[in-house]
Amino acid sequence: MQVLVYKDAATIAKAAAAIFAGEIAKKDGYVIGLATGSTPVPTYQELIKMNKEGVLDFSKVISYNLDEYVGLEPTHPCSYRYFMNEQLFDHINIDKNNTHVPNGITCNAEEYEEAIKAAGGVDLQLLGIGSDGHIGFNEPAEDFVYPTNIVKLTDQTIDDNARFFNSRDEVPTSAISMGIGTIMSAKRIILIATGKNKAKAIAAAIKGPVNPAMPASILQMHQNVQFLLDEDAASEL
Ligand code: GLP
């Protein structure tokens, strides 16, 4: 596990985008795993910029997103499919048919897991982290859940994500998410965290015991994982 601390979110975004560019260039059909939330947005902006400048080609890239809210149509403005189109896919030369986000209506967990396997697994997975330590939407629990599955969201996550909805009542209470095993099968993982509200989860994930009560702690067992942090997120290490 490698922990890299940067001065701010913009610098992290440049570093993360450079990692993506280096990896994607390695082969046609490169599989990227993508995340939602506000943390990856500056990285997506860098990727868009590089694509527009002609230095990063997405035409042969395949993507799988981590998760989706149960009950939201892909066209719903708060769905993660909508988010990905707006924040990244609509602005780069990726073939939309090669972009995959779990479907929150059909909740096709097994099918999603099989599709990732059939694509050869995720080559590079981008992660954020919830303030409660969740990755994807794998919430603190008594056991790690390995495959793609349906997860009940914690009150903490519903509170945190209410800012994207008109009111807290509109936040779905469950989600479909790649499981811990799906995430751990990625060949390389980068986790980005910025801001003081992530400091406790980051410290527990990196220094604490590997424990399903702190889902991100499982990353200690991965052979090729980098944490890209700003000084606030790293402040309790
Ligand atoms: C959601 C997503 C996670 C993401 C988390 C953090 O819960 N399911 O994948 O890491 O939000 O979001 P933010 O980056 O907005 O803090």
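**Figure 1. A193 stands opposite L229 in β10.** This view comes from a predicted model, in which local features need pLDDT of at least 70, side-chain atom pairs count only at pLDDT 80 or more, and totals for chains, interfaces and linings use all residues. Residues are numbered from 1 along each chain as its sequence is written, and side-chain values use heavy atoms, with hydrogens and water left out. Strand β9 covers residues 188–193 and strand β10 residues 225–230. The two pair in the parallel sense over 5 bridges. Strands are DSSP runs of E with at least two residues, helices are runs of H or I with at least four, and both are numbered from the N terminus. Two strands count as paired if DSSP finds at least two bridges between them.

**Figure 2. β9 and β10 belong to an open sheet of 7 strands.** The strand order is β1-β10-β9-β6-β2-β3-β5, with parallel pairing. The edges are β1 (2–6) and β5 (99–100). Each edge strand pairs on one side only.

**Figure 3. Helix α7 packs its buried residues against β1, β9 and β10.** The helix spans residues 199–207. Its buried residues are A199, A201, I202, A203, A205 and I206. Buried means under 20% relative accessible area, exposed over 50%, and partly exposed in between (1.4 Å probe, protein chains only). An α-helix has 3.6 residues a turn, so residues three or four places apart point the same way.

**Figure 4. T43 is a buried residue of helix α2.** The helix covers residues 41–52. The relative accessible area of T43 is 1%. T43 touches A13, A16, A17 and I192, leaving aside residues up to four places away in sequence. Contact means heavy atoms within 4.5 Å.

**Figure 5. Strand β8 pairs with β4 and with β7.** Both pairings are antiparallel. β4 (residues 67–69) joins β8 over 3 bridges, and E68 stands opposite I176. β7 (residues 149–152) joins β8 over 4 bridges, and N149 stands opposite S177. Within β8 (residues 174–177), S174 and I176 point one way. A175 and S177 point the other way. All four of these side chains are buried. In a regular strand the side chains alternate between the two faces of the sheet.

**Figure 6. C107 has a positive phi, near 50 degrees, in a residue other than glycine.** C107 lies in the loop between β5 and α4 (109–118). At 25% relative accessibility, C107 counts as partly exposed.

Figure 7. Of the 237 residues, 56% count as buried. Among contacts between residues at least 6 apart in sequence, 79% join residues at least 24 apart.
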